[in-house]
Amino acid sequence: MIHQSSPKRVEILSKEELARTLTRLASQILEEIPDRERLLLLGIPTRGIQLAEVLVNELRDKTGMSIEQGVIDPTFHRDDLNNLGTRLVPTTHISSSLEGRQVVLVDDVIFTGRTVRAAIESLQAWGRPQRVMLLVMVDRSGHRELPIQPDFFGRTVPTKKSESIELRLNEVDNEEGVFLV
């Protein structure tokens, strides 16, 4: 259910709904990738990094095992770099080989697909995983410019191009939820 929380901001997922969605996504990952030792979650800056951390904690709670995570910075592989403002993002951090790994790219929102394409290109410089999958909290349907679809997603939300989606996490924002702004 979508809740109106202010004139310009609409709540898509409440704190409780977000928690349930994260639990479901973690379960789906475990169903799809039974070999936890080959699983690697790579967060795409900026909110994908924090989302990957939350999912790793959820996976650890479910399995009792540590799940490896890292960061993949797609900045220099973007084809729309001129359209983006300057921002500092964490650099790529992958602590072990990608060979034979089941990699889950984690991002907060998929819109045009360009960030994910750039992340995949960036990933190729680090090795050849067995499989690469995509997890997003929100799939903004109707605006894809590339044939990229998430393997795991929290919610599909039709939006206007002028709108945006914000994933808010306690660790960074002191509130939790997903909002249309």
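In this predicted model, Arg38 and Asp35 are joined by a salt bridge, in which the closest N and O atoms are 3.3 Å apart. Arg38 has a relative accessible area of 30% and is therefore partly exposed. Asp35, at 34% relative accessibility, is also classed as partly exposed. The structure holds 10 salt bridges, and several others deserve attention.

One of them links the side chains of Arg114 and Glu145, with an N to O distance of 2.6 Å. Arg114 belongs to helix H3, whereas Glu145 lies in the loop between S6 and strand S7 (152–156), so this pair ties together parts that are 31 residues apart in sequence. Glu145 is partly exposed, because its relative accessibility is 39%. Arg114, by contrast, is among the buried residues of H3.

Helix H3 spans residues 114–124. Besides Arg114, its buried residues include Val116, Ala118, Ala119 and Leu123. The cover over the buried residues of H3 includes strand S3 (39–43), strand S5 (102–110) and strand S6 (131–139).

A further salt bridge, between the side chains of Arg117 and Glu121, has an N to O distance of 2.5 Å. Both residues lie in helix H3, four residues apart, which is about one turn of the helix. How accessible are these two partners, Arg117 and Glu121? Arg117 has a relative accessible area of 18%; buried means under 20%, so Arg117 counts as buried. Glu121, at 34% relative accessibility, is partly exposed.

Salt bridges can also share partners: in this way Arg9, Arg47, Arg168, Asp173 and Glu175 are joined into one network.

How values were computed:
Residues numbered from 1 in each chain as written. Predicted model: local features only at pLDDT ≥ 70, side-chain atom pairs only at ≥ 80, totals over all residues. Heavy atoms only, no water. Buried < 20%, exposed > 50% of the residue type's maximum accessible area, 1.4 Å probe, protein only. Helix = DSSP H or I, 4+ residues; strand = E, 2+ residues; numbered from the N terminus. Contact = heavy atoms within 4.5 Å. Salt bridge = Lys/Arg side-chain N within 4 Å of Asp/Glu carboxyl O.
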